[in-house]
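User: I'm new to this kind of picture and would like to learn how to read it. Could you walk me through some features, one at a time?

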Amino acid sequence: MIESRTRKIYSGDWQAEFMPKPETILCFSFEGKEVMRLQPALINTFDEQQGVVRKVRTHIRQDGFSSKFDAETVIPFGSEPSIKRSGEFADGFAKVIMDVQPGTHDPVRYLKTDTIVLSGPWKKIAVCRIPNAGAALPVPEWLELSEEGFEIFDASYPFLNCILENADGFRFEVGLGDDLWRWNSAAALELCSGNFKISGSAQEITIERTPVIFDQDTRPDKRSWRFKWYFAWSKTPAAGLLPADAVTINTTEQNVPAAANNSSAKGVTCQMSAAARRAFRKVLRSGFAAAESKVFALTNIEPHICNTASHLDRPGSVSLAHWDLWDLMELFLWGNRKAVQHSDSLLINPPLNSNSGEYPAVAALSRPPSGEISAE
């Protein structure tokens with residue numbers, strides 16, 4: 001049995017509460033106001049709200065750059081499916097991994113992941129569909145919101161991300177993790193479909209994601225399911241400018257092995273490839289060791305869609321859609337933990353003419369981490 005007190009991760013102007021109520025998995029607040037509420041998932045005919053919470057834990061890191069969490073709920077009916085969530089909060093973004101175990105005998109026939117409720121008032125919204133392989137983030141296509149509720153997105157395939165902005169310029173972003181192929185797995189399964197919706201008004205936006213809906217007559221395999229996603233926030237609507245004394249490392253000038261290339265975009269590396277991870281970490285280690293009290297900046301780097309299956313250690317597959325924002329987040333945190341040992345810091349900046357700097361998740365990587373994240 002877990003402790004009754006609410007677990008928290010927080011920093012100066014934001015706070016995340018875990019399991020504060022049976023109908024709420026996570027509540028995220030900014031400057032004392034609720035922004036996002038995560039509601040329980042649905043597995044087959046069972047509502048996660050009926051489940052028993054086995055654990056909720058938060059983990060403090062000494063460097064203060066991030067804090068991790070993990071939680072588990074078991075639904076004590078039918079085959080007793082379970083849902084595990086884990087993830088990491090940094091200053092400006094959070095990554096979430098959801099693992100669903102079907103239980104003892106029933107496969108997952110219907111899976112609706114956590115419903116996301118975003119509390120306004122909001123001024124406008126931009127929804128980004130998944131671009132073609134090789135593409136970076138497009139220009140946000142803003143839609144003005146009104147008091148009257150309406151459907152903003154409804155499709156059998158997932159959207160990549162969406163951004164909301166309020167009258168003060170605060171932005172909040174929700175998007176898929178690196179595993180695009182998982183979110184769209186219904187397209188490759190027989191007698192299976194998905195449904196993804198965004199609806200609401202200026203006062204409240206609801207995001208519903210149902211990646212697995214098998215037809216009643218089919219008999220799906222009994223298997224576990226994993227889905228990654230993230231959210232990000234920013235008071236400043238665009239990526240930050242580089243400090244004048246920053247030591248820049250132009251990623252387009254680095255000697256990166258061909259195995260790291262995005263096969264659909266010339267001169268672009270995929271950060272999900274093991275070759276890219278090794279190459280950029282080697283460059284950063286050398287830079288940190290050679291200077292003192294410097295701000296380092298990886299420049300001309302931004303997330304791209306990629307289909308090269310070998311980047312996922314699946315060379316037998318023809319193609320698997322993924323994008324490397326998740327890995328850029330991990331590189332940002334890894335780099336700052338290494339840099340702090342030399343009194344340095346790391347920024348990751350998109351090209352000057354890029355659209356991606358308008359997205360809070362990318363903008364967060366262009367600013368120094370606060371190093372003040374706590375947990376209890």
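**Reading charges, rings and the whole chain**

Analyst: Happy to! Let's begin with a salt bridge: the side chains of Glu208 and Lys112 meet in one, with 2.7 Å from N to O. Please keep in mind that this is a predicted model.

User: What is the general idea behind such a pair?

Analyst: Side chains of opposite charge can pair when their charged atoms come close. In this case Glu208 belongs to strand β19 (residues 204–214) and Lys112 to strand β11 (residues 110–112), so the pair ties together parts that are 96 residues apart in sequence.

User: Are Glu208 and Lys112 buried or partly exposed?

Analyst: One of each! Buried means under 20% relative accessible area. Glu208 has 22% relative accessibility, so it counts as partly exposed. Lys112, with a relative accessible area of 14%, is buried.

User: Which residue does Arg209 meet in a salt bridge?

Analyst: Its partner is Asp114, at 3.6 Å from N to O. This pair also links distant parts of the chain: Arg209 is in strand β19, while Asp114 is in the loop between β11 and β12 (115–119), 95 residues apart. Arg209 is buried, with a relative accessible area of 1%, and Asp114 is buried with a relative accessible area of 1%.

User: How many salt bridges does the structure hold?

Analyst: There are 21. Another example joins the side chains of Arg182 and Asp179, at 3.2 Å from N to O. Here Arg182 counts as partly exposed at 22% relative accessibility, whereas Asp179 counts as buried at 0%. Salt bridges can also share partners: in this way Arg61, Asp63, Glu88, Lys95, Glu330 and Arg337 are joined into one network.

User: Now for the rings. How many aromatic pairs does a search of the whole structure find?

Analyst: The search finds 24. To read one, look at the distance between ring centres and the angle between planes; planes under 30 degrees apart count as stacked, and over 60 as edge-to-face. Phe30 and Phe170 have ring centres 4.6 Å apart and planes at 25°, so they are stacked.

User: Where do Phe30 and Phe170 lie?

Analyst: Phe30 is in strand β3 (residues 24–30), and Phe170 is in the loop between β16 (159–165) and β17 (171–176), so the pair ties together parts that are 140 residues apart in sequence. Phe30 counts as buried at 8% relative accessibility, and Phe170 counts as buried at 7%.

User: Which charged residue sits over the ring of Trp225?

Analyst: That is Arg223, whose charged end is 3.6 Å from the ring centre. Likewise, the charged end of Arg281 sits over the ring of Trp334, 5.0 Å from its centre.

User: Let's step back. How many helices and strands does the chain have?

Analyst: The chain has 4 helices and 26 strands. Its radius of gyration is 21 Å, close to the 21 Å that the globule rule gives for 376 residues, so the chain is as compact as a globular protein of that length. To finish, buried residues make up 55% of the 376 residues in the chain.

Terms used:
Residues are numbered from 1 along each chain as its sequence is written. This is a predicted model: local features need pLDDT of at least 70, side-chain atom pairs count only at pLDDT 80 or more; totals for chains, interfaces and linings use all residues. Side-chain values use heavy atoms; hydrogens and water are left out. Rings of Phe, Tyr and Trp (its six-membered ring) pair if their centres lie within 6.5 Å; planes under 30 degrees apart count as stacked, over 60 as edge-to-face and the rest as tilted. Helices (H or I, at least four residues) and strands (E, at least two) are DSSP runs, numbered from the N terminus. Buried means under 20% relative accessible area, exposed over 50%, partly exposed in between (1.4 Å probe, protein chains only). A charge sits over a ring if NZ of Lys or CZ of Arg is within 6 Å of the ring centre and within 35 degrees of the ring normal. The radius of gyration is taken over C-alpha atoms; the globule rule is 2.2 Å times the number of residues to the power 0.38. A salt bridge is a side-chain nitrogen of Lys or Arg within 4 Å of a carboxyl oxygen of Asp or Glu.
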